[in-house]
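User: I would like to learn how to read helix packing in a model, beginning with a single helix and then moving on to a pair.

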Amino acid sequence: MKFSLISPTFDRPEEVREFIASAAALRYDRGDFEVILADGTPQDGLRATVEAASRSAGLPVIFLQEDYLPVSDARNLAARHAQGDYLIFLDSDCLLPEDYLQHLSDGLVAEGWDAFGGPDAAPEEFSALQKAISFSMTSFWTTGGIRGGTTRTATYYPRGFNMGMKRSVFESVGGYDVHFKTGEDVDLSIRIQQAGFRVGLIPKAVVWHKRRSTLPQFFKQVRRFGAARWALAQRHPGQLKVTHLFPVFLTLGTLFSILLGAISGVPLPIVFIGYFLVPAVLAGAQYRSPRIGFLAVASTVAMMSGYAFGFLEALLGGGLHKKRG
């Protein structure tokens, strides 16, 4: 078997049904890939949904369950049961385009990567808010292309929503570090590169990433990403770059300039406000929708402030990399 498609799950039955349906629609030899879900839903509450979705899609699904199974433990558990030569780690809120595995296969033939990743994006049928959030998370203006949005891969590390590797590579570096609360996917990518394996981007291997459905949920998710950046800096000296601090500078600069502007009466925050208004133009043009452009402003504010809050919270609290007791 060539590919093992692995996803950690925790409740969210509709999301899991859609993930299974998208895997079943892949235009690839069914005998050459498998789907493994490692679930932490308490009282085995997701099993009936998975079994029904598997029958409906006509796709066998290997379902592993332990109550409150953490994400890294779930991925490691699934990897131990995997039969594929390549382990493909995906988030359960991702949908797979029908040519996803073919693009992966073609990319591996062309480049021979030991580990690899692909971009995420939003298809036409996603909601306006989902498209706005996708813009904020993938645009060069907001993230600099670090998630695979560009072909410049010097600072690119595959991430857990869409990353893969040879099973031998995964085993060689010891899999996911279960002591990381978040950022475990980037930590794994860094360790793979440090071990001397070839890591690269397969640009056509795109997944449709639904992410969170409300701005408060998105803020909470990105807050964890900010905290993870500090944890990664603690584990891997030299990994913290000035660009990683940009959301912190932007958020604090905006707040301070607004405060000073209110005190002095001078419109000081115009530069910062200008930055947040650019997504309205770029996202509006990309999706040909002024509404999505307006929502992209809100999602960019949520993303930058959430990341900054999480980073500062972890910095002042001593970091995320704490062993579970």
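User: Which residues of helix α2 (residues 47–57) are buried?

Analyst: This is a predicted model, in which local features need pLDDT of at least 70, side-chain atom pairs count only at pLDDT 80 or more, and totals for chains, interfaces and linings use all residues. Residues are numbered from 1 along each chain as its sequence is written, and side-chain values use heavy atoms, leaving out hydrogens and water. With buried meaning under 20% relative accessible area and exposed over 50% (1.4 Å probe, protein chains only), the buried residues of α2 are T49, V50, A53 and S54. Viewed down the axis of α2, these fall within an arc of 130 degrees, so they line one face of the helix. A48, R55 and S56 are exposed on the other side of α2.

User: Against which elements do the buried residues of α2 pack?

Analyst: They pack against α1 (13–24), β2 (33–39) and β3 (61–65), where contact means heavy atoms within 4.5 Å. Just after α2, G58 takes a positive phi of about 70 degrees.

User: How should I describe a pair, and at what angle do α5 and α12 cross?

Analyst: Two packed helices are described by the angle between their axes and the distance between the axes. Here the axes of α5 (residues 128–138) and α12 (residues 290–317) come within 8 Å and cross at roughly 55 degrees. That makes α5 oblique to α12, since angles under 35 degrees count as roughly parallel, over 145 as roughly antiparallel, 65 to 115 as roughly perpendicular and the rest as oblique.

How values were computed. Axes fitted to C-alpha atoms, helices over the stretch in contact; angles between N-to-C directions. Helix = DSSP H or I, 4+ residues; strand = E, 2+ residues; numbered from the N terminus. Arc of directions from axis to C-beta.
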